[in-house]
Amino acid sequence: MNKPASVPEQVDAVVVGAGFSGLYMLYRLRQLGLSVKVLDSAGDVGGTWYWNRYPGARCDVPTTDYAYTFDPELDQEWTWSEKYATQPEILDYLRFVADRYGLRSDIEFSATVTSARWDEQEKRWRVTTGRGTEIRCRYYVMATGCLSMPKSPDIEGASRFAGQVYFTSRWPGEGADFTGQRVAVIGTGSSGIQAIPLIARQASQLTVFQRTANFSIPAHNGPAPAGTLKQLGEDRDGYRHAARWSRGGIPVEPTDVLGVTASEAVRRERFEAAWELGELFGILNVFADQAVNPASNDIVAEMFREKIRSIVTDPETAEALCPKGHYFGTKRPCLDTGYFETYNLPHVRLVDLRKQPIISITQDGIETADESFGFDAIVYATGFDAMTGAMVAADVTGRDGLSLKEKWAAGPSTYLGLMTAGFPNFFMLTGPGSPSVLSNMTVSIEQHVDWVAGCLKDLREEGFETIEPTALAESGWNQHVQDCAAITLYPTANSWYMGANVPGKPRVFLPYIGGVGAYRQACDDVVGQGYFGFRMTGPGGDRCRDGVIRRMQPDVAMVLDLVAAMGMPATESLSAADARALMAATAATRPPGPEVGEVTDGVIPGPAGDLPYRLYRPAGPSEGPRPVVVYFHGGGWVLGNLDSDDPLCRDLCERSGAVVVSVNYRHAPEDRFPAAALDALAAVQWVDANAVELGGIPGQLAVAGWSAGANIAAVACQLARDAGGPRISGQLLICPVVDSDMTRPSYAENGDGYILTTALMRWFWDHYADPADRGDPRAVPLRGDLPGLPPACVVTADFDPLRDEGVAYARALETAGVPVRLTRARGHTHTSVTMVGMVISGAPVRAEIEEALGDFFPSPQPQEFVS
Ligand code: N01
């Protein structure tokens with residue numbers, strides 16, 4: 001019985017939503033001995049499976065994987081009748097779970113939360129419902145689901161239609177009978193694609209209004225997959241464990257086959273196998289690079305289109321059904337049963353809204369730019385205000401009167417998708433910034449619920465009353481979520497992942513794409529480090545370990561993992577010859593770098609013999625002269641050659657439009673300090689003197705280098721200035737060595753674990769220069785005279801032992817009056833910025849380098865010869 005409004009009910013926790021996540025949250029909170037009230041506007045448990053009762057609604061993750069696993073007995077008790085269970089069966093399952101654990105007694109149905117406000121005095125939430133009741137609670141948990149707020153029909157005249165109107169997301173419990181009716185379906189996402197074949201069975205005429213053609217594979221539904229059942233039978237715990245640490249929440253071995261390099265036969269074989277398997281995580285795993293490389297994605301997409309053309313008999317309809325304009329996977333792909341075949345039925349018609357957009361809904365039907373259609377019923381399968389819609393609509397107000405809607409006006413901001421600063425004790429299950437919709441939801445739900453339950457237990461045991469993320473931790477996580485998305489093709493699409501389906505919604509990638517296992521590790525790390533990034537308060541005092549839990553670019557972290565897995569010997573344990581051989585062997589496995597117009601090799605007369613060079617000329621319409629960049633490779637003065645930095649030189653050439661002359665200089669220990677520096681000066685002088693022959697513009701000469709190459713580039717600038725020429729327009733110093741002092745903090749922070757280590761730097765110095773020479777400006781340009789040097793672009797990487805000396809050089813140049821651009825390679829290591837084609841997150845840094853090179857030269861445009 002409801003209490004009178006004047007006597008608010010008090011519980012430890014209010015949970016909104018009685019779907020998969022709300023039910024399990026209730027179960028776990030009860031286990032902690034907390035009093036809980038679950039509120040749901042629906043008439044029963046089920047969440048998304050309560051509302052989405054449209055014909056054809058079923059799971060599109062195999063149901064053997066889409067179930068609770070927290071209780072092994074429950075896991076074994078329920079048997080799914082099909083590979084992809086229907087909505088009624090899944091709803092039955094959730095009812096069974098609610099009854100099995102006696103959960104209903106703490107759930108209030110048909111109860112809509114109208115607002116929730118944080119009371120700072122009481123350190124409690126005040127939650128009000130549509131019935132006017134208020135409930136006070138210490139913890140407020142939104143288990144409202146990611147796809148629960150239907151998108152309002154943003155079509156002119158929608159309210160005018162006099163016939164029957166249905167929303168797939170709010171289907172009537174009694175169902176709908178379309179027998180003999182003229183039916184319109186608007187929308188061809190997962191819901192529309194599931195419903196259309198079944199509606200077509202009843203309707204006398206079915207017209208589908210498609211704005212964006214979608215990728216869909218046949219489900220090949222049937223009995224639960226024998227392979228999974230076998231694995232579950234043999235080792236249920238092992239299978240579930242693997243799912244929890246997998247990428248998508250289902251144990252799928254990620255392929256290492258690259259679409260761009262696989263043979264045609266392998267490509268077809270892999271695609272056909274995935275098509276036959278009929279599983280979304282299979283078709284998303286045809287190639288390792290399909291989510292990041294447009295060329296690889298195009299291969300998959302074209303094979304999809306071939307399938308559609310082979311199924312749909314009318315060529316015009318087939319073409320309209322072929323998805324174009326977005327990369328495969330970047331909008332949620334669908335799983336269907338006879339979807340494309342449905343268009344071969346004589347009473348089914350597709351209207352391509354790209355060709356004839358809807359002008360308005362009328363009283364009798366739909367008017368497009370070309371035609372008027374009469375209908376008895378319109379079905380909206382137009383989707384959801386995904387991931388944030390339900391949370392924002394619930395009117396949540398945190399500390400200082402700040403509402404979630406205001407805070408998230410420019411897009412959601414969360415820590416781990418679990419909490420948001422300014423809203424103490426407010427938890428989101430599968431919130432934005434967590435894997436949620438990109439994963440098997442049940443695995444992600446269980447992980448979130450377990451995390452929240454563990455957190456509340458820890459708070460209680462440690463005597464804290466509140467928990468909330470810090471602004472720093474939250475912005476760091478938001479950045480990481482966007483960094484993960486940015487290396488993929490996903491942000492290019494107008495998808496609901498990007499909020500692009502709702503007019504006016506900020507364009508932000510909403511879920512975490514780094515993977516379920518990686519995400520779980522981040523959550524575990526946060527707890528392991530004493531709730532890192534959270535502030536906890538209580539009568540006994542506060543505690544906060546502030547910081548950012550994931551600072552490294554995700555692809556850089558992947559490369560480090562790969563390198564670690566290769567178990568290579570430490571370079572400093574090798575002889576120079578063996579280290580060179582190892583470097584050459586690893587370089588041979590890299591992507592080659594971009595195509596350029598022309599590559600030629602030659603020699604430069606050096607002070608002690610010829611120095612080989614490789615010249616890169618940009619592709620492009622103009623044959624005229626270009627600015628010239630003289631480039632010096634990295635490798636600690638010991639390693640490297642013209643091949644070692646070849647991809648980077650190509651990238652610099654292609655981006656900047658300059659001729660790049662990469663020079664191989666003498667190496668230590670055969671030729672120690674100052675041989676490399678003297679070679680660098682000689683090379684710059686020679687290139688300047690021969691600029692015209694090399695296709696350069698006289699007087700437009702810059703130097704560049706990476707690591708030790710940047711060291712000698714910087715030294716060459718000082719030597720050229722002192723020698724009275726040549727005039728150098730700019731110096732690009734990528735992660736330069738500029739000092740021999742290894743006591744700067746970046747050595748302490750990054751001296752181990754990021755490829756260039758303190759031990760390796762020592763090995764380089766020992767090979768290159770005697771201790772007595774390590775203060776000479778020709779070895780350590782930071783200690784030289786700096787006024788009068790060319791403008792500089794200094795690139796430093798966060799996880800580089802050399803970071804701080806690079807920053808020091810930039811500052812010192814600035815103090816000496818030299819124009820400087822200091823570019824921070826955020827989340828990068830010493831080597832990762834140079835990994836062209838491999839570390840995608842390095843591209844924006846190299847785009848900044850391109851800008852800097854443009855600034856060095858008076859006219860970035862190529863000039864024509866004047867005869
Ligand atoms: O919604 P959607 P959904 N005029 O947004 C079109 C999950 N799910 O309900 O792409 C004309 O995908 C819109 O066109 P466009 C699953 O994660 C799971 O189908 O914006 N058309 C699109 O075609 C899924 O991704 C299952 O150009 C308009 C469609 O409507 C998510 O829920 C089953 C329009 C909406 O597609 C959402 O799927 C169902 C307009 N004004 C759903 N506005 C399972 O099997 C929108 N559209 C578990």
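Colleague: In this predicted model, where does serine 436 lie, and why is serine 436 called buried?

Modeller: Serine 436 sits in the loop between strand E18 (426-428) and H14. Its relative accessible area is 0%, and because buried means under 20%, serine 436 counts as buried.

Colleague: What is the phi of serine 436?

Modeller: Phi is about 30 degrees, a positive value, although serine 436 is not a glycine. Isoleucine 755 is likewise a residue other than glycine with a positive phi, near 75 degrees. That residue is placed in the loop between helix H22 (745-750) and H23.

Colleague: Why is isoleucine 755 called partly exposed?

Modeller: The relative accessible area of isoleucine 755 is 33%; since buried requires under 20% and exposed requires over 50%, with partly exposed in between, isoleucine 755 is partly exposed.

Colleague: For helix H20, how do you know what span to expect?

Modeller: The expected span is 1.5 Å times one less than the number of residues. Helix H20 (residues 675-689) has 15 residues, for which 21 Å is expected, and the helix reaches 21 Å from its first C-alpha to its last, which is close to that expectation. The buried residues of H20 include Ala675, Asp679, Leu681, Val684 and Val687.

Colleague: Among the aromatic pairs, what makes phenylalanine 271 and tryptophan 275 a tilted one?

Modeller: The search of the whole structure finds 56 aromatic pairs. In the pair of phenylalanine 271 and tryptophan 275, the ring centres are 5.8 Å apart and the planes stand at 35 degrees. Rings pair if their centres lie within 6.5 Å, and planes under 30 degrees apart count as stacked while those over 60 count as edge-to-face, with the rest tilted; therefore this pair, at 35 degrees, is called tilted. Both residues lie in helix H7, four residues apart, about one turn of the helix, and both are buried.

Colleague: What makes the pair of phenylalanine 673 and tyrosine 768 edge-to-face?

Modeller: The angle between the planes is 90 degrees, with 5.9 Å centre to centre, and an angle over 60 degrees counts as edge-to-face. The pair links distant parts of the chain, 95 residues apart, with phenylalanine 673 in the loop between strand E25 (659-663) and H20, and tyrosine 768 in helix H23 (residues 758-768).

Colleague: Are phenylalanine 673 and tyrosine 768 buried or exposed?

Modeller: Phenylalanine 673 has a relative accessibility of 10% and so counts as buried, and tyrosine 768, at 0%, counts as buried too.

Colleague: Why does alanine 262 count as buried, and where does alanine 262 lie?

Modeller: Its relative accessibility is 12%, and because the limit for buried is under 20%, alanine 262 counts as buried. Alanine 262 lies in the loop between helix H6 (226-244) and helix H7 (264-277). Leaving aside neighbours within four places in sequence, alanine 262 is in contact with Val257 and Arg267.

Colleague: How many cavities of 30 Å³ or more are there, and which residues line the largest cavity?

Modeller: The count comes to one cavity of 30 Å³ or more, and the largest cavity has a volume of about 70 Å³. Its lining includes Asp65, Arg240, Arg244, Asn440 and Glu446, and the elements that give two or more residues to that lining are H6 and helix H14 (441-462). By class, the lining has three nonpolar, four polar and four charged residues.

Colleague: What is the volume of the second largest pocket, and which residues are closest to its centre?

Modeller: The volume of the second largest pocket is about 280 Å³. Of the 17 residues that line this pocket, the closest to its centre are Thr388, Val392, Trp408, Lys505 and Pro506. Helix H12 (residues 389-393) gives the largest share of the lining, three residues, and the lining divides into 10 nonpolar, four polar and three charged residues.

Methods: Residues are numbered from 1 along each chain as its sequence is written. This is a predicted model: local features need pLDDT of at least 70, side-chain atom pairs count only at pLDDT 80 or more; totals for chains, interfaces and linings use all residues. Side-chain values use heavy atoms; hydrogens and water are left out. Buried means under 20% relative accessible area, exposed over 50%, partly exposed in between (1.4 Å probe, protein chains only). On a 1 Å grid over the protein atoms alone, a cavity is a set of points where a 1.4 Å probe fits but cannot get out, and a pocket is an open set with protein on both sides within 12 Å along at least five of seven lines; lining residues have an atom within 4 Å of a point. Grid points are joined across faces, edges and corners, and a volume is the space filled by probe spheres set on the points. Ala, Val, Leu, Ile, Met, Phe, Trp, Tyr, Cys and Pro count as nonpolar, Asp, Glu, Lys and Arg as charged, and the others, Gly among them, as polar. Contact means heavy atoms within 4.5 Å. Rings of Phe, Tyr and Trp (its six-membered ring) pair if their centres lie within 6.5 Å; planes under 30 degrees apart count as stacked, over 60 as edge-to-face and the rest as tilted.
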